[in-house]
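Subject: Structure for you to look at

Hello,

Here is the structure I said I would pass on. Please open it beside this message and follow along.

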Amino acid sequence: IFKMTTTKAKFALLGTIIHSLKFGEIELIEKGLLVYNGNGIIDKVLDLSKLPPDHIKSISSEFESIVDYKDKFIIPGFVDAHCHAPQYVFAGTGMDL
């Protein structure tokens, strides 16, 4: 789905992944694996429901660790979710962007 040329994956997150393929297009992967390379950069996003079961078992050996977030959403991205007190007056107006 999304792949960059990187080193061997270091760790992965398992769960429901919601991410943007491009502006205005969102993808929901209910059984997804978000793979990070050895530098902590997203290497690929895998939809496990589209892979054969034997392949899923073999790829698990590629990682130092897999964190299971099966009942949670994984939303990768650069998200600044904090706000300073003076910004509250602009909430909902688009001026706070």
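Which residue in the hairpin of β2 and β3 takes a positive phi? That residue is glycine 40, with a phi near 80°. Four residues lie between the two strands of this hairpin. Please keep in mind that the model is predicted.

Overall layout

The chain has one helix and four strands. Following the sequence, their order is β-β-β-α-β. Of the 97 residues in the chain, 25% are buried.

The strands of the hairpin

Strands β2 and β3 run antiparallel and are joined by five bridges. To see one of these pairings, find leucine 34, whose bridge partner in β3 is valine 45.

The aromatic pair

The count of aromatic pairs comes to one. Its members are phenylalanine 11 and tyrosine 36, and the pair is stacked, with 4.6 Å from centre to centre and 10° between the planes. The angle counts as stacked because planes under 30 degrees apart are put in that class. The two residues come from distant parts of the chain: phenylalanine 11 sits in strand β1 (residues 9-22) and tyrosine 36 in strand β2 (residues 25-37), 25 residues apart. Are these two residues buried, partly exposed or exposed? Phenylalanine 11 has a relative accessible area of 27% and is partly exposed, while tyrosine 36, at 14%, is buried. The two fall on either side of a cut-off, because buried means under 20% relative accessible area.

The salt bridges

Side chains of opposite charge can pair when their charged atoms come close. This structure holds two salt bridges.

One is formed by the side chains of glutamate 25 and lysine 22, at 3.7 Å from N to O. Glutamate 25 is partly exposed, with 31% relative accessibility. Lysine 22 is exposed, with a relative accessible area of 53%.

The other joins lysine 50 to aspartate 47, and here the closest N and O atoms are 4.0 Å apart. Lysine 50 is exposed at 65% relative accessibility, but aspartate 47 is buried, at 12%.

What else does the side chain of aspartate 47 contact? A polar contact of 2.6 Å joins it to the side chain of serine 49.

Leu28, Phe73 and Ile75 make a nonpolar surface patch of about 360 Å². Of these residues, leucine 28 lies in strand β2. Leucine 28 is exposed, with a relative accessible area of 51%. That value puts leucine 28 in the exposed class because exposed means over 50%.

How far apart are the C-alpha atoms of isoleucine 18 and isoleucine 74? They are separated by 6.3 Å, although the two residues are 56 residues apart along the chain. Isoleucine 18 is part of strand β1, and with 23% relative accessibility it is partly exposed.

After that, turn to the ring pair of phenylalanine 11 and tyrosine 36.

Regards

Definitions and conventions. Residues numbered from 1 in each chain as written. Predicted model: local features only at pLDDT ≥ 70, side-chain atom pairs only at ≥ 80, totals over all residues. Heavy atoms only, no water. Polar contact = N/O pair within 3.5 Å; in protein donor to acceptor, adjacent residues only side chain to side chain. Phe/Tyr/Trp six-rings, centres within 6.5 Å; stacked < 30°, edge-to-face > 60°. Buried < 20%, exposed > 50% of the residue type's maximum accessible area, 1.4 Å probe, protein only. Pairing = 2+ DSSP bridges. Patch = residues over 30% accessible without salt bridge, like charges linked within 9 Å, V, L, I, M, F, W, Y side chains within 5 Å. Areas by Shrake-Rupley, 256 points an atom, 1.4 Å probe, with all protein chains shown as cover.
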